[in-house]
Amino acid sequence: MPFITFEPSGRSLEVTRGTLLFDAVLRAGLPIASSCSAEFVCGKCNLKIVSGGENLSAQRDPERRLLRRDQKPESDRISCVTRVYGDCSVTASYW
């Protein structure tokens, strides 16, 4: 099963393959920004991928458009639609 490391704390969490990043953050007891209750509207739950981006679900055009709308780097991921398939490290600007 994949491990997600939450930087800068270094806290790690083992998750079932296919878990949403959003759900993993909550399980780790960390705050996650969201005003749409993870309905893929607000884009506030974006996370910066520190490593392991290749172990996440493929980024699709709607996610890219949301990141561009909010002037976020395309390398960021919207956690409520991003699934984890292997080890990765993530961070948020407010952790």
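This report covers the sheet, the nonpolar core and the aromatic residues of a predicted model.

Residues are numbered from 1 along each chain as its sequence is written, and side-chain values use heavy atoms, with hydrogens and water left out. Because the model is predicted, local features need pLDDT of at least 70 and side-chain atom pairs count only at pLDDT 80 or more, while totals for chains, interfaces and linings use all residues.

**The sheet**

Helices (H or I, at least four residues) and strands (E, at least two) are DSSP runs, numbered from the N terminus. Two strands pair if DSSP finds at least two bridges between them. An open sheet holds 5 strands in the order S2-S1-S7-S4-S5. Its pairing is mixed. Strand S2 (11-14) and strand S5 (77-78) stand at the edges. Each has a single partner strand, so one side of each lacks a neighbour in the sheet.

What does S7 pair with in the parallel sense? Strand S1 (residues 3-6) pairs that way with strand S7 (residues 88-91), over 3 bridges. Ile 4 stands opposite Cys 88 in S7. Phe 6 stands opposite Val 90. Strand S4 (residues 46-51) runs antiparallel to S7, and 3 bridges join the two. Here Ile 49 is the bridge partner of Val 90.

Both faces of S7 are covered. Cys 88 and Val 90 on one side are buried, as are Ser 89 and Thr 91 on the other. Buried means under 20% relative accessible area, exposed over 50%, and partly exposed in between (1.4 Å probe, protein chains only).

**The core**

In soluble globular proteins, nonpolar side chains tend to be buried together. A nonpolar core is a set of buried Ala, Val, Leu, Ile, Met, Phe, Trp, Tyr and Cys residues joined through side-chain atoms within 4.5 Å. The largest such core here has 23 residues. Ile 4, Phe 6, Leu 21, Leu 47, Val 84 and Val 90 touch the most other members. S1, H1, S4, helix H2 (61-69) and S7 each supply at least two residues of this core. The largest share, 4 residues, comes from H1.

Phe 22 lies in that helix, H1 (residues 21-27). Phe 22 is buried, with a relative accessible area of 10%. Contact means heavy atoms within 4.5 Å. Leaving out residues up to four places away in sequence, Phe 22 touches Ile 32, Ala 33, Ser 34, Ala 38, Cys 45, Ser 79 and Cys 80. Phe 22 and Thr 5 are 17 residues apart in sequence and 13 Å apart in space, C-alpha to C-alpha.

**The aromatic cluster**

Rings of Phe, Tyr and Trp (its six-membered ring) pair if their centres lie within 6.5 Å; planes under 30 degrees apart count as stacked, over 60 as edge-to-face and the rest as tilted. By this rule there are 2 aromatic pairs.

| Pair | Ring centres | Planes | Class |
|---|---|---|---|
| Phe 6 and Trp 95 | 5.8 Å apart | 75 degrees | edge-to-face |
| Tyr 94 and Trp 95 | 6.4 Å apart | 85 degrees | edge-to-face |

Phe 6 lies in strand S1 and Trp 95 in the segment after S7, so their pair ties together parts that are 89 residues apart in sequence. Phe 6, Tyr 94 and Trp 95 form one aromatic cluster.

Is Phe 6 buried or exposed? Phe 6 is buried, with a relative accessible area of 0%. Trp 95 is partly exposed, at 23%. Tyr 94 is partly exposed, at 35%. Beyond four places in sequence, the contacts of Phe 6 include Arg 11, Leu 13, Ala 24, Val 25, Val 90 and Trp 95.
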